[in-house]
Amino acid sequence: MSAPEMRVGTGYDVHQLVAGGPLVLGGVAIPAERGLLGHSDADVALHAIMDALLGAVALGDIGQHFPPSDPAYRGIDSRRLLAHVRDLLAREGWRIVNIDCTIVAERPKIAPHTAAMRAAIGETLGLATDRIGIKATTNERIGFIGREEGIAAIAVALLARESVVGSP
Ligand code: MG
């Protein structure tokens, strides 16, 4: 039996911070005075992760799968979109090896919430939490993130698919 085919993908997302909540990151609602603006729940972490997963297998991006012009996605819980991406990958025989995501935010403190985020993502994807890394950093008060105008997330995902014996 040959080694599985491996694929890596990256994702990036930004959403604007506005007055009022909720602030949803990594599938978790975090108490905060300001939340992210977007057509869906604006969960930048899940959006970056979905783009990494889709990118790894060249299945486009979340803008194509869930167009902002479609009212069906208004205010939608991004975990539902992540479940759809999970099903797309499974249908083509891909399994997720691991995900790593960095959230770039000046405030609030993200670290107290990363365990809950890993649990939420793991539950949605059916993936062990030791395969899901969530980290956070500030932007050292520089630029739009430093001015607390927005939050960004960067993600990478590794996928594997067992090669079929006898296929090229
Ligand atoms: Mg987004």
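# Legends to the close-up views

View A. Arg95 is partly exposed, with a relative accessible area of 40%; buried stands for under 20% relative accessible area, exposed for over 50%, and partly exposed for what lies in between, with a 1.4 Å probe and protein chains only. The structure is a predicted model, in which local features need pLDDT of at least 70 and side-chain atom pairs count only at pLDDT 80 or more, while totals for chains, interfaces and linings use all residues. Residues are numbered from 1 along each chain as its sequence is written, and side-chain values use heavy atoms, with hydrogens and water left out. The partner of Arg95 in this view is Glu162, and the closest N and O atoms of the salt bridge between them are 3.0 Å apart; the term describes a side-chain nitrogen of Lys or Arg within 4 Å of a carboxyl oxygen of Asp or Glu. This pair links distant parts of the chain, 67 residues apart, since Arg95 belongs to strand E5 and Glu162 to the segment after E7. Helices (H or I, at least four residues) and strands (E, at least two) are DSSP runs, numbered from the N terminus.

**View B. The salt bridge between Asp77 and Arg79.** The side chains of Asp77 and Arg79 meet with an N to O distance of 2.8 Å. Asp77 is partly exposed at a relative accessible area of 26%, and Arg79 is also partly exposed, with a value of 34%. A search of the whole structure finds 10 salt bridges.

View C. Arg141 occupies the loop between strand E6 (132-137) and helix H5 (143-146), and Glu148 is found in the loop between H5 and E7. Arg141 has a phi of about 65°, a positive value although the residue is not a glycine. Glu148 touches Leu17, Arg34, Glu106, Arg107 and Arg141, when residues up to four places away in sequence are not counted, and contact here means heavy atoms within 4.5 Å. In the salt bridge between Arg141 and Glu148, the closest N and O atoms lie 3.3 Å from each other. Through salt bridges that share partners, Glu106, Arg107, Arg141 and Glu148 are joined into one network. Arg141 counts as exposed, at 54% relative accessibility, whereas Glu148 is buried, with a relative accessible area of 12%.

**View D. The cis peptide bond between Arg107 and Pro108.** The peptide bond that joins Arg107 and Pro108 is cis, with an omega of about -10°. Pro108 lies in the loop between strand E5 (95-104) and helix H4 (114-125), and Arg107 is a member of the salt-bridge network of View C.

**View E. The protein donors of the magnesium ion.** Asp13 (OD), His15 (NE2) and His47 (ND1) are the protein donors of the magnesium ion, and they lie 2.1 to 2.3 Å from it. Donors are N, O and S atoms within 2.8 Å of the metal (3.2 Å for Na, K and Ca), and sites may look incomplete, because water is not among the atoms. Along the chain, the donors follow the spacing D-x1-H-x31-H. Both Asp13 and His15 are buried.

**View F. Gly38 and Ala42 in the loop between E4 and H1.** The loop in this view runs between strand E4 (34-37) and helix H1 (44-56), and Gly38 has its place there; Ala42 lies in the loop between E4 and H1 as well. Gly38 is partly exposed, with a relative accessible area of 36%, while Ala42 is buried, with a value of 0%. The phi of Ala42 is near 65°, which is a positive value in a residue other than glycine. The C-alpha atom of Gly38 is separated by 23 Å from that of Asp100, a residue 62 places away along the chain.

**View G. A nonpolar patch on the surface.** Tyr12, Phe144 and Ile154 form this patch, and together they have about 290 Å² of accessible area, a quantity that comes from the Shrake-Rupley method with a 1.4 Å probe, where for residues only the protein chains shown count as cover. Patches are made of residues with over 30% relative accessible area and no salt bridge, with like charges joined within 9 Å and nonpolar side chains (Val, Leu, Ile, Met, Phe, Trp, Tyr) within 5 Å. Ile154 belongs to strand E7 (residues 150-161), and this residue is partly exposed, with a relative accessible area of 42%.
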